[in-house]
Every structure is written in C-alpha cells, then in structure tokens.
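Please look at the model below with its open spaces in mind, and then at the helix that the later paragraphs follow.

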Amino acid sequence: MADPARDVLGAAAASEPPPGSSPPGSGDGAAAAGEAAAAEGAGEGEVGEAGGGGELKAEVRSADGEAADAEEPGLQAGAARKVKLELKERKEKKQKVDEDEIQKMQILVSSFSEEQLNRYEMYRRSAFPKAAIKRLIQSITGTSVSQNVVIAMSGISKVFVGEVVEEALDVCEKWGELPPLQPKHMREAVRRLKARGQIPNSKYKKIIFH
C-alpha cells in the first residue's frame, strides 16, 4: 500500500525546477524587457534625429531669411540707381533737344527780313488778357480755376487765333487780294478749318430718348 506522505514529497520534488535553471516564464519576461528597452532606445534615437533635423531646417530657414534681408537693400539701391540714371538721361536728352530747337530758331530769325522780324516780334509780344480768359472760363464752367489753367488756355487761344489768321492769309492770296485781312477772309478761313475738322463744332443737337 502506498504511503501518502511519500507521494506528496515526490510531487513537490517533481514540481521544483532543477538547480541553475530559471523559473518558467522568467526568460520570456527578460526577452520582452530587452526588446522594450531596445525599442525605447530606438525611439529616443529617432526623436533625437528628428529634433536635430528640425533644428537644421530652422537654421537653414533663418540663414535664407538673413540672406534675403541682406539682398533686399541691395536690390532697392540698384533700382534707385537705375531710376536716377534714367532721369538723368532724359534730362540730358531734353536739354539737348531744347538747345537744338534754340539753335534752329536763331538761324531762322537771323534769316528774317525786317518786316518779318517786326511781325514775329509782335507775335511774341501778343497775348490774351488772363483776367478776361479767367472770367470766360468761369462763366462757362461755373467753377473757379487755377492760374495754371488760365495760362494754358491763354496759350491755346493764341495758337488757335494764329491758325485762323494763317488760313485767312491763304484765302486772301487765293482770291487774288492783298492784305489787310477783312472779315470775309476770316469767315472763309473758319469755314475751311471746320470742313477739315480742325475746329470742333460748337453746335450740338439735343437727343431725346423715346
């Protein structure tokens, strides 16, 4: 007959692990812990690399921004220098044209006869009264105008009268008559200028919308 106490001791001995062997599940736990530690280290390395890459990108962007800021004043200075050169060239060109015109005018005036010189002198001295021109403009527009507008309109009026007189002289010559000009010459000159479209038609038709 078997002894119950012996059976219990045998079962306990069988259940104990042999010396030097790790308990069940301890190897798996150590391996899992090692893998977790390796994964954590790899994660920290990736984070470190990512952080380093972000810092490099930020440094590159800041360097680009500083370079752009350094180039912007240079570009502005170059543009300003270019504008100054263009203005200087235009001024010199205009001055040269003015000098050429003055020289041509001097040559033309030097070739005038005494009568032509007197007529040219009278033409240069003649001018419309600016006060009368200003009143006329204000009566038409109903508003006050500056002195520059009055001066410009006075000059335009002088040119217009010169064109009419020149055309009247041509009419007088074609009709076989001699100056001085008469009202019929002036009326014919105005009619011809209107026919050529050089004088705007002051008459207008009122358009009625049905």
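In this predicted model, the largest pocket is lined by 16 residues, and those that lie nearest its centre are Arg119, Tyr123, Val165, Glu166 and Leu169. The volume of this pocket comes to about 670 Å³. Two helices, H3 (residues 114–125) and H5 (residues 147–174), each supply at least two residues of the lining, and H5 gives the largest share, with six residues. Sorted by class, the lining of the largest pocket holds ten nonpolar residues, together with three polar and three charged ones.

The second largest pocket has a volume of about 240 Å³, and its lining consists of Ile133, Leu136, Ile137, Ile140, Thr141, Met153, Ile156, Ser157, Phe160, Gln198, Ile199 and Pro200. Helix H4 (130–141) and H5 are the elements that give two or more residues to this lining, with the largest share, five residues, coming from H4. By class, nine of the lining residues of the second largest pocket are nonpolar and three are polar, while no charged residue takes part.

Helix H5 contributes to both linings, and its geometry can be checked with a simple calculation. At 1.5 Å a residue, the 28 residues of H5 should span 40 Å, and because the C-alpha atoms at its ends are 41 Å apart, the model agrees with that expectation. Just after H5, glycine 176 takes a positive phi of about 75°.

Which residues of H5 are buried? They are Val150, Ser154, Ser157, Val164, Glu167, Ala168, Val171 and Cys172, and what covers them includes H4 and helix H6, which runs over residues 183–195. An α-helix has 3.6 residues a turn, so residues three or four places apart point the same way. Ser157, one of the buried residues of H5, is also found in the lining of the second largest pocket.

Glutamate 167, which has its place in helix H5, deserves a separate look. Is this glutamate 167 buried or exposed? The relative accessible area of glutamate 167 is 11%, and because buried means under 20%, glutamate 167 counts as buried. Leaving aside residues up to four places away in sequence, glutamate 167 touches Ala189, Arg192, Leu193 and Arg196. Helix H6 covers residues 183–195 and is included in what covers the buried residues of H5, glutamate 167 among them.

Terms used:
Residues numbered from 1 in each chain as written. Predicted model: local features only at pLDDT ≥ 70, side-chain atom pairs only at ≥ 80, totals over all residues. Heavy atoms only, no water. 1 Å grid on protein atoms, 1.4 Å probe; cavity = no way out; pocket = protein on both sides within 12 Å on 5 of 7 lines; lining within 4 Å. Points joined across faces, edges and corners; volume = space filled by probe spheres on them. Helix = DSSP H or I, 4+ residues; strand = E, 2+ residues; numbered from the N terminus. Nonpolar A, V, L, I, M, F, W, Y, C, P; charged D, E, K, R; others polar. Expected span 1.5 Å × (residues − 1). Buried < 20%, exposed > 50% of the residue type's maximum accessible area, 1.4 Å probe, protein only. Contact = heavy atoms within 4.5 Å.
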